[in-house]
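User: Can you walk me through this chain? I'd like to start with the strand pairing.

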Amino acid sequence: MPPSTEHSHQVRRWLAIGGLGLCLAGSSALAAWRDEHVLLINTTQSLPNWAFWVDRSRVPQRGDFVVFNPPRTPLIVAHFGKAPAPFAKRVLGMPGDFVTRDGSVVRIDGREVARLKAFSKRGEKLVPGPVGRIPEHCYYVGTAHADGFDSRYSDVGFVCRDRIVGTGDSVL
């Protein structure tokens, strides 16, 4: 083969190897992104949003949506089944914030964040959630919805890192 043809074949071979490397790197990056993200569809009325991109590696900040696995209490199982889907709520209280309750009013560092109901829509007694300093790696989560089932009740309580699926961004 003439030298220019041999050189042309080598260039094409290196371009093919480089292209293959880029494809593999791209698919690896896509796989890593897929492992760290999930789409959540909200089926409740406690939030106005119905779809969230969830980032499993982002640490929640005040105001963020946090997606978490609810505990399997009798009340949660009665309303959401034996294997309830993850809940999505807003982070209203951060580690170190102080939660108080005055009658039905729940406050975080003096700011009203929720009001308690005594009974669920089905007539079940609702037990108030925790008060005091929010522990490290835990959050007070909630919604503005009057019937929101969140940290204001003991069945949800503070949501700690071991129950958190990720931090969400509303899509729709």
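Analyst: Two strands pair if DSSP finds at least two bridges between them, and strands themselves are DSSP runs (E, at least two residues), numbered from the N terminus. The model is predicted: local features need pLDDT of at least 70, side-chain atom pairs count only at pLDDT 80 or more, and totals for chains, interfaces and linings use all residues. Residues are numbered from 1 along each chain as its sequence is written, and side-chain values use heavy atoms, with hydrogens and water left out.

User: Which residue stands opposite Arg133 in S8?

Analyst: Phe98 does. Strand S5 (residues 98–102) and S8 pair in the antiparallel sense over two bridges.

User: What order do the strands take in that open sheet?

Analyst: S7-S6-S5-S8, four strands with antiparallel pairing. Strands S7 (111–115) and S8 (132–133) are at the edges with a single partner strand each, so one side of each has no neighbour in the sheet.

User: Switching topic. What volume does the second largest pocket have?

Analyst: About 150 Å³, taken as the space filled by probe spheres set on the grid points, which are joined across faces, edges and corners. A pocket here is an open set of points on a 1 Å grid over the protein atoms alone, where a 1.4 Å probe fits, with protein on both sides within 12 Å along at least five of seven lines; lining residues have an atom within 4 Å of a point.

User: Which strand gives the most to the lining?

Analyst: Strand S11 (residues 164–170), with four residues. The residues lining this pocket include Arg56, His137, Ile164 and Thr167.
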